[in-house]
Amino acid sequence: MKRKLLPDIVSVTPSNYDDFVQCERRFLNRQLLGLPASDAGPPNETGLLLHDLLRLIHANGSCADAAHVAEVLAGHDADNDHVQQLVDRHARRCPSSDVSGSAHEVTLARFHKVPPPMFMATARIDAVWVHDGLLDARDYKTGRMHGDRLAEDAAAKVQAFVLDQAARARNLRLRLRYEYLNPDVLDDPEPWEPDADDLGAIEEELRAAVERMRGIDDWKGVADERCTRCAYRSICRDSAAPSEPSWPVLVTAEADDR
Amino acid sequence: MLSLPACTVRFVDPEPQTPRVTASMLRRADEMCRRRLKHEHTGDRRSANAAASARFAVSNRLSADARLAHAELGPPRAEAFVDPRDLEPEQRALYRAAVQGYLGEFGTRPGRAVDLGWQTHLEQTGVDLVADPGIALELPDGRRELRVLSFGGRARGGALLDAVSRRVALVRTAEWAPEQLTIVAVDLIERQLDRVTPDLDNERVEAFAWINERVAVVQALAADGRSRAGADCAGCAFIAGCDQFRMAS
């Protein structure tokens, strides 16, 4: 009997769609089977911290207020040069001084019903600013840059699809921008303002992808150089870079009272 | 008039479901979509979108095999852990690593598994607490041990057994282990282990009180029942009829 891998209404997110586009086997392993990474990369603790800090900074003040920023950073044991530099790079791009509304760390959802198959797209957006007739959505990045055109980025397409509904409901024009806060990245990709044709094409692309998911019996890996960076390269059936999993040997810390 | 077997009536006219709470509801009720919370709390039949179960295939298989390995009082029988050839190769790799972890930690430790079922009825609030507490074992000297297994993928620095899971474990084991309990929380993949011996007299009272308080919160939010589009829409089994998506095309 064929096992049920997909729910009746497939969930599409920026990260799971990116996995699917990059490698169907990775999508299977991470998103459908929920397997822990056998070859996890270094933890992105600074990135997670920075997202929290920027939310807090904007919740109670402005990123342009040096005293306020210093207070928030100090309150979270993050008052060091590296974090300060990342916040400064954000502040130079932030439109908060001239906005009529904003939201931070907000998850939006958009349901596609027809033509089938149905899917539910959700995306967590780091910051949304309303100004100059724009719904200006920002995604903070602390790693290296992966591409310089958002219109070709799988994750950005899902973000745009979900944000489009929110923009139209407010009669605003959508703009999506990736803010690269890592000093090694000199310039952000150009902000993307998808038009109605772009957004129609994205919806059809996502629908077709879900339709393709439903037809897959054997989830094939790409088996190319991308495998060398994959979090499942040690255990993946189709890996071009197989090795031993990084799972450690058993150690126990407890005082043995057995 | 023809008589009917008594069981026919039961099948045709089932008793209303007892409302239920899970550890996830206790933890997240305040931030959840209240419509989804209402349906999940009242145990409504899922109208669509039955969740795919593949995510739990390895953990369910390993736990079932571990219980079988402890069917009789003694160390776990390694032969009870059978390579799950029906699963994907990556799942089998995870299963094998988890078995290695389980036998590495518990391979010489005798015990007999006891079935605690899936739920405990909470008299004070009239709801069922639904949760797999872990592998319940009776040790040769009569002591009780609960093994709570996880399989990697925890957030860095995340607890093996957080405060909510600990309270749930204490309540789910109250009848079986009223006087003594050791909880062993182990991540079989990351190979981390934490062994605790709760002060049952105090901690269980606190656990019941906290859970009953949270149940009241769940009940209040579920009674509200307003929908909210957001993170909970992903995987929701009750999209049909949701007012957030009536106009979707």
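Two strands pair if DSSP finds at least two bridges between them. In this predicted model, strand 1 (residues 20–22) of chain B and strand 4 of chain B meet that condition, with three bridges in the parallel sense. Within this pair, V21(B) has L129(B) of strand 4 as its bridge partner. Strand 4 of chain B also pairs with strand 3 (residues 119–122) of chain B. Here the sense is antiparallel, and the bridges number four. H121(B) stands opposite D128(B) of strand 4 in chain B. Strand 3 and strand 4 of chain B form a hairpin with four residues between the strands. In that hairpin, G126(B) takes a positive phi near 75°.

In a regular strand, side chains alternate between the two faces of the sheet. Strand 4 (residues 127–130) of chain B is covered on both faces. V127(B) and L129(B) lie on one side, D128(B) and V130(B) on the other, and all are buried.

A further sheet in chain B is open and has five strands. Their order is 2-5-6-7-8, and the pairing is mixed. Strand 2 (112–114) and strand 8 (192–196) of chain B are the edge strands, each pairing on one side only. From one strand to the next, the twist averages 25°. Inside the sheet, strand 6 (residues 144–150) and strand 7 (residues 182–187) of chain B pair in the parallel sense over six bridges. S150(B) stands opposite D187(B) of strand 7 in chain B.

Two helices of chain B pack on this sheet. Helix 4 (residues 57–69) of chain B touches strand 2, strand 5 (135–138) and strand 6 of chain B. The direction of helix 4 makes about 10° with that of strand 5 of chain B. Helix 5 (residues 89–106) of chain B touches strand 5, strand 6, strand 7 and strand 8 of chain B. The direction of helix 5 makes about 150° with that of strand 6 of chain B.

Helix 6 of chain B packs against helix 7 (residues 200–224) of chain B at an angle of about 105°. Their axes are 9 Å apart. Angles of 65 to 115 degrees count as roughly perpendicular, so helix 6 and helix 7 of chain B are roughly perpendicular to each other. Helix 6 contributes V164(B), R166(B), R167(B), V168(B), L170(B) and V171(B) to the contact. From helix 7 come L200(B), E203(B), R204(B), E206(B), A207(B), F208(B), W210(B) and I211(B). The residues of this contact divide into nine nonpolar, no polar and five charged.

A174(B) lies in the loop between helix 6 (163–172) and strand 7 of chain B. Leaving aside residues up to four places away in sequence, A174(B) touches R204(B) and F208(B). The C-alpha atoms of A174(B) and L200(B) are separated by 9.1 Å, although these residues are 26 apart along the chain.

Helix 3 (residues 45–60) and helix 5 (residues 81–93) of chain A pack at an angle of about 55°, with their axes 11 Å apart. The two helices are therefore oblique to each other. Helix 3 of chain A passes helix 5 of chain A in a right-handed crossing. On the helix 3 side, the contact is made by T46(A), L49(A), L50(A), L53(A), L54(A), I57(A) and H58(A). On the helix 5 side, H82(A), V83(A), L86(A), V87(A) and H90(A) take part. The contact residues divide into eight nonpolar, four polar and no charged.

The backbone has several further features to note. Most residues other than glycine have a negative phi, and most peptide bonds are trans. In chain A, a cis peptide bond joins V114(A) and P115(A), with omega about -5°. P115(A) lies in the loop between strand 2 (101–112) and strand 3 (119–131) of chain A. The peptide bond from P116(A) to P117(A) is also cis, with omega near 5°. P117(A) is placed in the loop between strand 2 and strand 3 of chain A.

Positive phi values occur at A223(A) and R191(B). A223(A) is not a glycine, yet its phi is about 50°. A223(A) lies in the segment after helix 7 (196–215) of chain A and is partly exposed, with a relative accessible area of 43%. R191(B), also a residue other than glycine, has phi near 60°. R191(B) is in the loop between strand 7 and strand 8 of chain B. Buried means under 20% relative accessible area, so R191(B), at 7%, counts as buried.

How values were computed
Residues are numbered from 1 along each chain as its sequence is written. Chains are lettered from A and ligands numbered from 1 in the order in which they are written. This is a predicted model: local features need pLDDT of at least 70, side-chain atom pairs count only at pLDDT 80 or more; totals for chains, interfaces and linings use all residues. Side-chain values use heavy atoms; hydrogens and water are left out. Axes are lines fitted to C-alpha atoms, for helices over the stretch in contact, and angles run from 0 to 180 degrees between N-to-C directions. Angles under 35 degrees count as roughly parallel, over 145 as roughly antiparallel, 65 to 115 as roughly perpendicular and the rest as oblique. A crossing is left-handed if the near helix is turned anticlockwise from the far one by less than a right angle, and right-handed if clockwise. Contact means heavy atoms within 4.5 Å. Ala, Val, Leu, Ile, Met, Phe, Trp, Tyr, Cys and Pro count as nonpolar, Asp, Glu, Lys and Arg as charged, and the others, Gly among them, as polar. Buried means under 20% relative accessible area, exposed over 50%, partly exposed in between (1.4 Å probe, protein chains only).
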